[in-house]
Amino acid sequence: MGVALAVAMIASLVSAGSAPAAAAADPIVLTVSPTGAGTDCTAPAPCSPSTAIDQLPATAARGQAVVEFLSGRYPLRETLVLGADSSGTGDAPTILRAAEGAAPILSGGVEVGQWEPVDGAANLWRGRAADGGPIRQLFADDVRLTPAKSDRCNPGDCVVTREGLTGPGAARLLALPDVADVEAVIAIRWRNYHCAVARTTADALIMKQPCWANSSSGTGRVGPAWDTKAINSPDYLGVREFVGSASFISEPGEFAYDSAAKTVTYQAADGEDPNARTFYTPRLETLLRIAGTASDPVHDVRVERLGFQHSAWLQPGTAEGYAGMQAGLTLTGETGPRDAAGRYYTKPASAILVRSGRSVLLDAVRVLHTGGAGVVLEAGTQSSGVTHSHFEDLSSGAIYTGDMEPNPPAELESRSNTYEHNVVRSPGREYTDAVGIWGGYEAETSISHNTLEQLPYSGISLGWGWNQTVARSPYMKDNRIDANRIIDAVMPWSEQHDAGAIYTQGPQPGSTINENYIHKHYDANAIYLDEQSSHFTVNRNVITGSPGSTWLSNWAAYGINNSASGNWSTGKPRKMNGNGSTQTDQHESLTYLPAAATAVAAAAGANPPGEVFAPAPLQITVARTQPLVAGVPARIDVAVTNADGENTLDSLQVSVEWPDGWSVVAASPGTFTGVAPGATSTAAFDVTPVGGFSAGVPVTVTATADDAESDDTVTTTVPLIVVAGANLALGRPATQSSTFVFQSGARLEPAAAVDGSTAGTSYQHTAQGDDRPWWQVDLGSVSRIGGLILWNRTDCCQSRASGIWVFVSDDPITQDDPALVGADEAVRSYFLAETVGRPSALPIDARGRYVRLQLDTAATMLSLAEVQVFGQADPVPQPVEVTASPRCLAGKAYLYASAVNVSDRPLDLTLSSAFGTKTLRDLAPGKTAAAGFPVRSTSIDAGALTATIPGSDPVTVAYPALSCAG
């Protein structure tokens, strides 16, 4: 953004909304303190904040009104409310600010204390809130504590119904004494859900309404894609965790609230006395409300250097729960207008709320440790903003600006707002689909020079409406998302997907996404022009840290006329599919950052210059995708690339720390000289691994380089898959629930998954219409299985191998319902939640003959390139026990043989020796048959006798020499 434009936008925050009045000689200062009383509101006799706020209208009528807060914590029980009658003027805005050198904190929390040790439980303490109220979040010395949580409940164990959850996982919770306090937390793609238990039946958790219904498909109040990501959709992968029961507490720092006893149970660390710490739980939702109306907006108000903590959000703790739609907005109410454009979603409660504001500026405020969001500016707030502020440790998002109506009356438009030089760190601590900064419909708004870090979902989200008809021509235009610094977006622990470090929706002519620095966006897009995002300029952005991820997405043809130019990325390129969209001069899949890119990255953020996480000067690659086999030699190549881009390496030394017990021989030297920029040197090693099946044996590689300017050392640890035994599935008979058939008649048979090809172009595929499709292999005999290696396709459709049950059984599996299969005590069950990679390793320890892979969701198909089952087949028991011994009769030797049928069926067998062959027919189970072989000599040499049985391996026994002479 140009300097002149930036100055003009900041100036508008203190000049719009009313005509300048004659400047007062001095502002009228109302002084408040945490213990203030009376009505003087002076420095010698400060009053309470509510008293000063009550005096604001009369004070503002006399001149510029300023409320100064002295240091201390202000425990608020009621919201401080400024209305239009407290407005200032352009020259003399009304100000709420910290006194010089003071650090006031407005808190919506109540203390939690009266801690007493729980009898018979080490380090467990029980306390209560000072007001006897509920405890949803708990902070100790301003550190957020962790709600006690269960392990994941897989979809076959927690089965979604219209009323709640059934299945063995849900059943395990029925007997909990505090089951009424349990809440299910579910993440599906971009959506997040928190719904509580209402009651139980003999076999089910019945969840509270309308939360459960609003989280399910079929409400008619969301877009079509939202129903495909509902809790009862094929993409449901189970309950991420249950929270709320004291039985879930497993480590220090966890807590659970008992609503019946109105107490909280907390596990302290060894030696910790909770009574020596200060605990708070959020209680008051909005701490400061600055609100006018569309016809009478509040204007010319500034809030400066105030701290806000422990604001609450009550909705998720009610029957409404948290039915996440996108970006921290929820669907509420039992009924509502039918709509697919997200116009009637509900924003989170926030510590500070601005409604119908003009020239309202929040500057250098600190919003920390909340149960909801930081700031909401809505209902036509214009020429306002948030600058130089700090947001950290929030249950929801930091800043929400604008609304969800694409074409409201002009007085309700959100425009000309400024959000600059703010720090946002760790939003979405509880509601993981929340974003750092969210804008609905906005025009002429600047979101620039902010630093956003540790984000569970998107960093900045601007625009709304998708491609719904009502949203195709909104008032959005001329917005700026420029020079922001975004570090760690869409962090994997959240299990949220379909996001971007910067995410947009809708046509926004004249809008820019320029000179941002994004580092680590994991498996999301760095810049995501989703759906109808149109008319954006995307220039000179720098993206590092996620080389395997797509850095730019403009996937929809109806996201038109976007242009991208001069961007630098270590990530993968992706075609811009929007009609009229163009790319020029892009620098992608970089192994190093040129100086121009480093300068842009350093200048981004709230407090430049910032650290630039440039790619390491040495890039290490261990070229091994196929699993290693214990005891079998294999070649491993370790490649090191000079990623400096400018300097030749005088020397390069490669060393590897191999696991204990492995036999390793260097097949080529590990020292190189004169390695040019961009060149790669490879050291080869012949290794023989030992051990059993492992999904990732760590191998540490160190590369040290010297050049004319500096010395560099880079170390990386690479997990190598090691298997033991043989691939028992190779070439074995395979079946599947159905088979996909092309119009040409070509069939994608189940045998393709055991044909030995891992290239990814040969694969099995079920047909459409299966309810939870499956694929199964017969290993031929009961075997000890150490693990599976699964290979996805390379051409497309990798999501068709996602959320897979693995069942192992001695007998053929005949049930089609995975819940029933898993409930069979004779079947061993395992679950792979993520999409299968190339490859994915699943260690198991099971015995069985039949291995089934089955999707846990309907309305999809199953497709895999190869399934490898590694282990050792059990020895096949022989059907007969055979003995052979030489004997003497009348001075002559002969060979005596006997056979016992130890099987459960009659046998025909043939006994063969050096002295002839005898056939024994129809030998009954448990019976013994004997045969003699004349030698016609007085002695017999040592030898062997073989019994041959149709359908079984031959049985050979040895016998010793014998002499019958004398």
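Me: Which residue does Cys41 join in a disulfide?
Reply: In this predicted model, Cys41 is joined to Cys47, with an S to S distance of 2.1 Å.

Me: What is the handedness of that link between Cys41 and Cys47?
Reply: The link is right-handed, with 110 degrees about the S-S bond.

Me: Is Cys41 buried or exposed? And Cys47, buried or exposed?
Reply: Cys41 has 1% relative accessibility and counts as buried, because the cut-off for that class is under 20%. Cys47 is also buried, with a relative accessible area of 0%.

Me: How many disulfides are there by this rule?
Reply: The count comes to 4 disulfides. Another one of them is formed by Cys153 and Cys158, whose sulfur atoms are 2.0 Å apart.

Me: What is the torsion about the S-S bond of Cys153 and Cys158?
Reply: The torsion is about 100 degrees, so this disulfide is right-handed. Both Cys153 and Cys158 are buried.

Me: What about Cys888: which residue forms a disulfide with it?
Reply: Its partner is Cys964, and the two sulfur atoms are 1.9 Å apart. The torsion about the S-S bond of Cys888 and Cys964 is about -90 degrees, so that disulfide is left-handed.

Me: Where do Cys888 and Cys964 lie?
Reply: Cys888 is in strand S69 (residues 880-889), while Cys964 is in the segment after strand S77 (962-963). The pair therefore ties together parts that are 76 residues apart in sequence.

Me: What is the relative accessible area of Cys888?
Reply: For Cys888 the value is 40%, so this residue is partly exposed. Cys964, at 13% relative accessibility, counts as buried.

Me: Let us change topic. What is the strand order in the open sheet of 8 strands?
Reply: The order is S10-S9-S20-S7-S8-S19-S18-S11, and the pairing is mixed. The edge strands are S10 (143-144) and S11 (146-147), each of which pairs on one side only.

Me: How many bridges join S11 to strand S18?
Reply: There are 2 bridges between S11 and strand S18 (residues 254-258), and these strands run parallel. Within S18, Glu254 is the bridge partner of Thr146.

Me: On to the helix H6. Which of its residues are buried?
Reply: In H6 (residues 595-603), Ala597, Val600, Ala601 and Ala602 are buried.

Me: Which strands do the buried residues of H6 pack against?
Reply: They pack against strand S40 (485-487), strand S43 (517-519), strand S46 (542-544) and strand S49 (568-569).

Me: Which residue follows H6?
Reply: H6 is followed by Gly605, which has a positive phi, near 100 degrees.

Me: One more residue, please. Where does Gln532 lie?
Reply: Gln532 is in the loop between strand S44 (525-529) and strand S45 (534-539).

Me: What does the side chain of Gln532 reach?
Reply: The side chain of Gln532 reaches the backbone oxygen of Arg472 at 3.3 Å.

Me: And which residues does Gln532 touch?
Reply: Leaving out residues up to four places away in sequence, Gln532 touches Trp466, Asn467, Ala471, Arg472, Gln505, Gly506, Pro507, Tyr558 and Gly559.

How values were computed. Residues numbered from 1 in each chain as written. Predicted model: local features only at pLDDT ≥ 70, side-chain atom pairs only at ≥ 80, totals over all residues. Heavy atoms only, no water. Pairing = 2+ DSSP bridges. Helix = DSSP H or I, 4+ residues; strand = E, 2+ residues; numbered from the N terminus. Buried < 20%, exposed > 50% of the residue type's maximum accessible area, 1.4 Å probe, protein only. Contact = heavy atoms within 4.5 Å. Polar contact = N/O pair within 3.5 Å; in protein donor to acceptor, adjacent residues only side chain to side chain. Disulfide = S-S within 2.5 Å.
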